[in-house]
Amino acid sequence: MADAETGAGVEAGERDLTMSRAMVEAIETEMRSDEDVFVMGEDVADYGGIFDSTEGLLEEFGRERVMDVPISETSFVGAGVGAAQQGMRPIVELMFADFFGVCMDQIYNQMAKNTYMSGGGVSVPMVLMTAVGGTYSDAAQHSQTLYGTFAHLPGMKVVVPSTAYDAKGLMHNAVRDDDPVVYMFHKRLMGLGWMPAPEGPKTAVPEDEYTISFGSADVKREGSDATVVTLGLHVHRALDAAESLAEDGVDAEVIDLRTLVPLDEETILDSVAKTGRLVVVDEDYRSFGVTGEIIARAAESSLGDLEAVERVAVPDVPIPYARELERAVLPGAEDVEAAVRSAIDE
Amino acid sequence: MVSANDLQEMYENAVTARHYEERLQEEYMEGKQPKFDISAGQIPGELHLAAGHEASGAGVCAHLRDDDTVTAPHRPHHVAIAKGVDLEAMTAEIFGRETGLSGGKGGHMHLFDPDVNFACSGIIAEGCPTAVGAAMAADKRNTDSVAVAFLGEGAINQGGFLESLNLAAVRDLPVVFVVEDNDWAISMHKDRVTDVETAAGRAGGFDLPGERVDFNDAVAVYEAARDAVERARAGNGPTLLDVQVHRLMGHFMGDPESYRPEADVERARRLDPIPKLADRLRSEGVDDDTLEEIAARAKERVEDAIEHAKEQPKPDPATVQEDVFTNPPSGATDEEPDAGGPTAAAGGED
């Protein structure tokens with residue numbers, strides 16, 4: 001296995017891959033080496049996943065290991081929990097994170113709690129893979145980015161890749177982890193033919209397998225004037241903002257959390273110690289979520305370091321349909337830029 | 001029996017819905033060519049078109065009044081048209097305009113027209129419980145309104161549907177569940193995800209009547225729905241109707257349908273319910289001129305609605321935070337009540 005915490009030094013067999021292809025590459029590698037790994041979800045077989053997250057798996061592994069299942073999320077998410085408790089390693093796709101409402105009992109009363117309730121006697125090594133995010137007017141029931149909801153409830157590890165490189169390493173780790181992992185991929189990053197990705201998520205990816213440890217945030221851009229902590233699509237929005245700020249001599253550091261549970265507090269605090277200004281950005285609702293949590297952690301541990309804090313998130317409204325309205329609530333690079341400037345001016 | 005008047009009305013609803021979907025398909029693709037990009041063009045978001053489903057909407061809604069509730073799923077246009085949803089406001093909503101049904105906040109999967117008690121949910125089977133609730137309200141208030149929940153055959157394995165069947169049955173509520181069986185749940189054929197022959201088979205386990213209507217035939221739907229709606233209106237409880245329809249377009253616009261055998265697509269075209277309904281009208285003595293007049297009127301109505309929608313202003317982003325609540329909490333900005341207490345604060349009675 002390559003030493004790939006950072007990707008440095010990995011050169012052999014690198015190709016540029018879309019994020020979806022990188023995820024599938026990790027899944028197929030895990031399926032080849034472990035008969036206990038299987039995939040189930042709606043439209044994961046012939047369709048290859050609506051967002052290409054299982055593209056091509058049916059052809060290699062057949063319908064027993066790549067299972068289309070009825071539209072019955074309670075049943076098949078729960079079946080994933082049960083199979084995992086038997087020692088299998090199911091990868092269960094919940095087509096949109098928004099559909100969590102249908103099956104939340106299985107997610108948070110079963111999947112997330114069975115290990116604790118059994119006093120550690122039961123393990124649930126499953127991956128719940130799910131699509132998040134807006135930007136294409138899919139409105140209130142198909143556009144949410146519910147990072148905070150899943151990270152709030154104890155017992156689930158929560159993974160959010162922002163690049164193909166990270167997506168592959170995090171997926172290898174997710175499948176091998178003995179705990180339930182919620183793997184939240186942003187649709188806009190997948191590299192779909194019908195939903196063009198921004199520059200950035202398509203990266204060089206080694207052919208060899210590698211893991212990225214959970215709880216290791218990645219400094220995607222170093223800077224000394226402000227710390228921007230973010231994840232998923234907004235890593236790219238923040239990098240765009242940082243480029244624009246750099247033209248004015250403002251040097252922003254961009255931290256990609258990569259996992260919410262566990263959270264790499266150390267990387268955040270080290271950066272804040274350096275910059276003194278913390279800007280937290282995500283695509284989830286503003287109140288009671290990731291942005292507030294990160295700021296609280298920094299305040300608890302490093303209050304003296306904090307000269308300014310800002311957060312950029314979706315105001316507390318459901319995601320609207322019309323483009324003008326959706327754009328008004330989803331944070332853009334310009335919002336991140338404004339927040340950094342505001343933090344510096346404080 | 002179906003009256004000549006009802007037949008013509010069903011035909012008009014069906015051809016309106018068909019022309020609507022064909023025109024929306026064109027309008028949707030405008031700006032998304034040559035390479036399909038879901039976030040480009042003049043109609044935002046996903047678009048699930050219902051061409052091939054018209055027999056269901058027209059046949060069922062022929063028996064409904066404005067005070068009857070309908071809930072529709074993510075593929076709602078044909079049902080909305082047959083229920084009498086304001087076509088101009090609905091089209092403006094689909095185009096994401098300020099004068100749309102929801103001012104551009106809802107979108108094509110979330111059409112709400114309270115004037116005719118029509119609502120949608122984009123989450124599979126989740127319109128069923130709210131239809132049961134509307135029926136519960138009618139039952140408690142002793143009105144003879146009924147509620148109809150439309151869903152796809154892919155939804156019949158979902159708890160929201162199965163639990164609703166039971167609640168409606170045990171409380172004898174005036175609900176009709178209409179399963180539109182188009183064989184496909186996106187790429188999953190019903191044979192691979194459901195083990196019963198037809199959705200009507202779900203009824204027996206919950207002790208309510210279930211009826212299968214085959215052949216994608218509007219008149220057969222009309223007759224079955226008449227009995228079901230009468231039963232509900234008379235206080236005799238719910239019915240499950242299972243209506244065969246066909247999907248003439250993809251699951252959503254941009255669906256390559258590579259999973260679907262060509263023979264299946266041809267079969268759907270062959271079983272188009274609209275020519276069948278036209279034949280029935282002819283056999284009842286309606287001449288071709290009349291049919292053409294109906295079609296022309298329907299087309300004009302659709303064209304007018306689309307033209308209207310395109311002329312409407314786009315929503316003002318400043319309104320984006322309105323409508324989260326009916327009574328918005330004013331929070332910290334709230335004024336302290338005066339010494340007179342709530343009565344005085346509300347304007348007082350003295």
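Trainee: What is the mean pLDDT of chain B, and what share of its residues reach 70 or more?

Mentor: Chain B has a mean pLDDT of 94, and 94% of its residues reach 70 or more; pLDDT is the predictor's confidence in each residue, from 0 to 100. This is a predicted model, in which local features need pLDDT of at least 70, side-chain atom pairs count only at pLDDT 80 or more, and totals for chains, interfaces and linings use all residues. Residues are numbered from 1 along each chain as its sequence is written, while chains are lettered from A and ligands numbered from 1 in the order in which they are written.

Trainee: Where in chain A is the pLDDT below 50?

Mentor: Chain A averages 96, with 97% of the residues scoring at least 70. Residues 1-8 of chain A have pLDDT below 50. For the model, the scores are ipTM 0.93 and pTM 0.94.

Trainee: What makes β10 and β11 of chain A a pair?

Mentor: Strands are DSSP runs of E, at least two residues, and helices are runs of H or I, at least four residues, numbered from the N terminus. Two strands pair if DSSP finds at least two bridges between them. Strands β10 (residues 226-230) and β11 (residues 252-256) of chain A have 5 bridges in the parallel sense, so they pair by that rule. One bridge joins A:Thr230 to A:Asp256.

Trainee: Why are β9 and β14 of chain A called edge strands?

Mentor: The open sheet has the order β9-β11-β10-β13-β14 in chain A, with mixed pairing. Strands β9 (218-221) and β14 (308-314) of chain A each pair on one side only.

Trainee: Which helix packs on this sheet, touching β9 of chain A?

Mentor: Helix α8 (residues 233-247) of chain A does, and its direction makes about 170° with that of β11(A). Such angles run from 0 to 180 degrees between N-to-C directions, with axes fitted to C-alpha atoms, for helices over the stretch in contact.

Trainee: How do you know that A:Val279 is in contact with A:Val228?

Mentor: Contact requires C-beta atoms, placed from the backbone, within 7 Å. A:Val228 is among the contacts of A:Val279, as are A:Val312 and A:Val336.

Trainee: How many residues are in the largest nonpolar core?

Mentor: There are 222, and A:Val228 and A:Val279 are among those touching the most other members. A core joins buried Ala, Val, Leu, Ile, Met, Phe, Trp, Tyr and Cys residues through C-beta atoms within 7 Å. Buried means 20 or more other C-beta atoms within 10 Å of a residue's own; 12 or fewer is exposed, and in between is partly exposed. Helix α9 (residues 218-233) of chain B gives the most to this core, with 10 residues.

Technical notes. Contact = placed C-beta atoms within 7 Å. Lists of a residue's contacts leave out its neighbours within four places in sequence.
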